[in-house]
Amino acid sequence: MSSSLTVALLGYGLSGRVFHLPFLLVNPNFRVKYVLTSRTDELKAIDSSIKATQDVGSVLSDPQVDLVINALPNEYHFSVSKDALSAGKHVVVEKPFVNTIEEGLTLIELAKKNSLLLTVFHNRRWDGDFLTIKELIDKKT
């Protein structure tokens, strides 16, 4: 990757604080511009260059934002991810992806239509037990 992606992390609960932001900050391929949070002081203590915000609309309308990580509560996974894809942003959605098959299919089609990346964050997929199960399933097929 020749240049970094500008990221907006939506949500600064456990997932945002522990699983997303620390890894984004140490990877030169990412530049975190926004974190959607009310924990402004906590965020500023970690990195004062990141803008703390509570306005999803302004984040999604920023043309510099390439990637949105949706780590909001589950009930916002579909609606906010749909808005982000509609705004031309790549999206990583925390699990659970969405609440219904129809919502999932809608997001997948929207991502395809706009030639955008849409994926679910699943930090356990490289753990030994998951890899063993995958290997066993692959041997059966």
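**Exercise 1. Find out where Ser81 sits, whether Ser81 is buried or exposed, and what Ser81 touches.**

Step 1. Look for the helix first: Ser81 belongs to helix α4, residues 77-86. Helices (H or I, at least four residues) and strands (E, at least two) are DSSP runs, numbered from the N terminus. Keep in mind that this is a predicted model, where local features need pLDDT of at least 70, side-chain atom pairs count only at pLDDT 80 or more, and totals for chains, interfaces and linings use all residues. Residues are numbered from 1 along each chain as its sequence is written, and side-chain values use heavy atoms, with hydrogens and water left out.

Step 2. Now check the accessibility. Buried means under 20% relative accessible area, exposed over 50%, and partly exposed in between (1.4 Å probe, protein chains only). Ser81 has a relative accessible area of 1%, so Ser81 is buried.

Step 3. Finally, list the neighbours. Leaving out residues up to four places away in sequence, Ser81 touches Asn70, Tyr76, Val91, Val93 and Leu107; contact here means heavy atoms within 4.5 Å. With Asn70 there is also a side-chain polar contact of 3.0 Å. A polar contact is a pair of N or O atoms within 3.5 Å; within protein, one must be able to donate a hydrogen and the other to accept it, and residues adjacent in sequence count only if both atoms are side-chain atoms.

**Exercise 2. Track down the aromatic pair and say which parts of the chain the pair ties together.**

Step 1. Recall how such pairs are described: by the distance of the centres and the angle of the planes. Rings of Phe, Tyr and Trp (its six-membered ring) pair if their centres lie within 6.5 Å; planes under 30 degrees apart count as stacked, over 60 as edge-to-face and the rest as tilted.

Step 2. Searching the whole structure gives 1 aromatic pair. Its partners are Phe19 and Phe121, with 6.5 Å centre to centre and 45° between the planes, a tilted arrangement.

Step 3. Phe19 is in helix α1 and Phe121 in strand β6 (residues 118-121), so the pair ties together parts that are 102 residues apart in sequence.

Step 4. Phe19 itself is partly exposed, at 32% relative accessibility.

**Exercise 3. How many salt bridges are there, and which residues meet in them?**

Step 1. Start with the rule: a salt bridge is a side-chain nitrogen of Lys or Arg within 4 Å of a carboxyl oxygen of Asp or Glu. The count comes to 7 salt bridges.

Step 2. One of them joins Lys33 and Asp62, at 2.7 Å from N to O. This pair links distant parts of the chain, since Lys33 is in strand β2 (residues 30-36) and Asp62 in the loop between α3 (56-60) and β4 (67-70), 29 residues apart. Lys33 is buried at 9%, and Asp62 counts as buried at 9% relative accessibility.

Step 3. Another joins Glu109 and Lys112, at 3.9 Å from N to O. Both lie in helix α5 (residues 101-113), 3 residues apart, or about one turn of the helix. Glu109 is partly exposed at 48%, whereas Lys112 is exposed at 58%.

Step 4. Salt bridges with shared partners also join Arg17, Arg39 and Glu42 into one network.
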